[in-house]
Amino acid sequence: MNQNETPLFDALLRHVARNPRQFHIPGHKKGRGMDSRFRAFVGDNALALDLINIAPLDDLHHPTGAIKHAQELAAEAFGADYTFFSVQGTSTAIMTMVMATVVPGTKSLVPRNVHKSVLTALILADAKPVFLHPEVDREFGISHGLSVETVSRALEEHPDARALVVINPTYFGIAADLERIVEVAHSVGVPVLVDEAHGVHIGFHPDLPLSAMQAGADMAATSVHKLGGSMTGSSVLNVREGMIDPRHVQVVLSMLTTTSTSYLLLASLDVARKELAIHGRERLDYAISLANKARRAIQAIPGLRCLDERQLVSSATYALDPTKLTISVRDLGLTGYDVERILREEYNIEVELSDLYNILCIISWGDTEEDIEALIQALEAIADRYGHGAVREHQPVTLPSMPELRMTPRSAFYAPTEVVPLQQAVGRTMAEMVMVYPPGIPILLPGEVITQDNIDYIEANLRAGLPVQGPDDPEIRMIKVVRE
């Protein structure tokens, strides 16, 4: 196949050039029926591509033309047998791969630090999660991936498991030895489903970790918009035949996907795939060089530390994506949220996320040398102001324990409930989720037994100003528990 082709984008351009009279939605009719200020800012070209699934443009729910061709090109580029486009982000792609694999009442092996979309899918499918302990980094206060040993032990203890979910790479850029994990799971007939939200680029450069398809995984939900150059909300679901029926995957994805699909997002996937396939190596050379320059400079700033190859000490921490800059700020006596706020308010710099101990900066080929220099200078100024030129005594890192799962998430979610004060909930069974988003990893989820250390961790995040969310009560003073 010719990876220079962009069949969907070209079909859209031909349609726009015809300039047909549109007696169909959207009602703004190429922007003419829209607020003039918004139209002027967005531009008529973008609004002309805001179309629906009329015959010349193919249909994402049953592709036979330009979308089908674009997906086939993407499958070749990503090393998959089939690739399906998602215009509802990677969350829908993740939910699809889980719900296309499990059936009600069956077990799925799941790392405890999974994204909330995995848990949503398990609730909808009425499947039982068996949570596996990820490797914990006490220095940075984050969770990494699963070790090969943890996976092997779980497969032995749960021979009836229907699927294994793996995060690779993590939000913070750490990859496990995915190839060995896949070998172990496949040896006992268990398919491997990969949350590859933060790894669209890794298969296109030899200095990056293996992609899910390169490692032999069965499915991978991959965010093209995060680091692949497409528009926000556009992702792909890559599928390998054998243990997975791609026709069933298409059916499940269609069940979860809007029928009002965005052709702007679809076209951006088409052109982003071309960019990765044709120029990915060159673009990533540049991004990795920028990230490495930033990492070296930040490592030299007193009071700051970066996650780097020194953390690669096990099969759970097997490889590093250097384009993710995880910067520990705790030796300055500040939280990550403090530093995020200072960068925003005083230096006009926005970061990907912050937590109690770190900030995360994502570097891509869309960044410039000037961007990197501005970040370095801002961090130097912050460290000088708060660290006084010397590293402070280490602030202790605390992480919550993995709670006991007393009920399946679905049973707890739909059980009769009552609302109690958070501080009086120890020992009760959770009926809703509590998480910090981003990254969207639950602290507590439906069916788990609430412990004091998890309450303390929630309170610490709330005091720090971090975005704790999930319960009906937005202030998290009251939570919903299963009625006893």
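These legends accompany several close-up views of a predicted model.

**View 1. The seven-stranded sheet.** Let's start with the strand order, which reads β1-β10-β9-β8-β6-β2-β3 in an open sheet of seven strands with mixed pairing. At the edges sit β1 (82-86) and β3 (128-132), each of which pairs on one side only. From one strand to the next, the twist averages 20°. Helix α4 packs on this sheet and touches β1 and β10 (235-239), and its direction makes about 120° with that of β1. Another helix to look for is α5 (residues 89-99), which lies across β1, β8, β9 and β10 and runs at about 170° to β9.

**View 2. Strand β8 and its partners.** Here we zoom in on β8, which spans residues 192-196. Strand β6 (residues 161-167) runs parallel to β8, and four bridges join the two. Within this pair, leucine 164 stands opposite valine 192, while valine 165 stands opposite leucine 193. Strand β9 (residues 219-223) also runs parallel to β8 and is joined to it by four bridges.

**View 3. Side chains of β8.** Are the residues of this strand buried or exposed? Five of the five are buried, so β8 is largely enclosed by the rest of the structure. In a regular strand, side chains alternate between the two faces of the sheet. In β8, Val192, Val194 and Glu196 point one way, and Leu193 and Asp195 point the other way.

**View 4. The largest nonpolar core.** Nonpolar side chains tend to be buried together in soluble globular proteins. The largest nonpolar core has 34 residues, and those touching the most other members are Leu8, Leu12, Phe78, Phe85, Val224, Tyr263 and Leu266. Helices α1 (7-18), α4 (66-78), α9 (224-227) and α11 (263-299) each supply at least two of the core's residues. Which helix gives the most to this core? That is α11, with 10 residues.

**View 5. Around phenylalanine 85.** Setting aside neighbours within four places in sequence, Phe85 is in contact with Leu60, Ala70, Gln71, Ala74, Ser235, Val236, Leu253, Leu266 and Leu269. A second, separate core holds 33 residues, among them Ile244, Val249, Leu253 and Met435.

**View 6. Two cis peptide bonds.** If you are checking backbone torsions, two proline sites deserve a look. Isoleucine 25 and proline 26 are joined by a cis peptide bond with omega of about 5°. Proline 26 belongs to the loop between α1 and α2 (36-42). The bond from asparagine 168 to proline 169 is also cis, with omega near -10°. Proline 169 is in the loop between β6 and β7 (174-175).

**View 7. Two residues with positive phi.** Aspartate 58 has phi near 70°, a positive value in a residue other than glycine. Its loop runs between α3 (44-48) and α4. With a relative accessible area of 7%, aspartate 58 is buried. Asparagine 348 also has positive phi, near 55°, and is likewise a residue other than glycine. This asparagine 348 is placed in the loop between α12 (336-347) and β14 (353-354). Asparagine 348 is exposed, at a relative accessible area of 72%.

How values were computed. Residues numbered from 1 in each chain as written. Predicted model: local features only at pLDDT ≥ 70, side-chain atom pairs only at ≥ 80, totals over all residues. Heavy atoms only, no water. Buried < 20%, exposed > 50% of the residue type's maximum accessible area, 1.4 Å probe, protein only. Pairing = 2+ DSSP bridges. Core = buried A, V, L, I, M, F, W, Y, C linked by side-chain atoms within 4.5 Å. Contact = heavy atoms within 4.5 Å. Axes fitted to C-alpha atoms, helices over the stretch in contact; angles between N-to-C directions.
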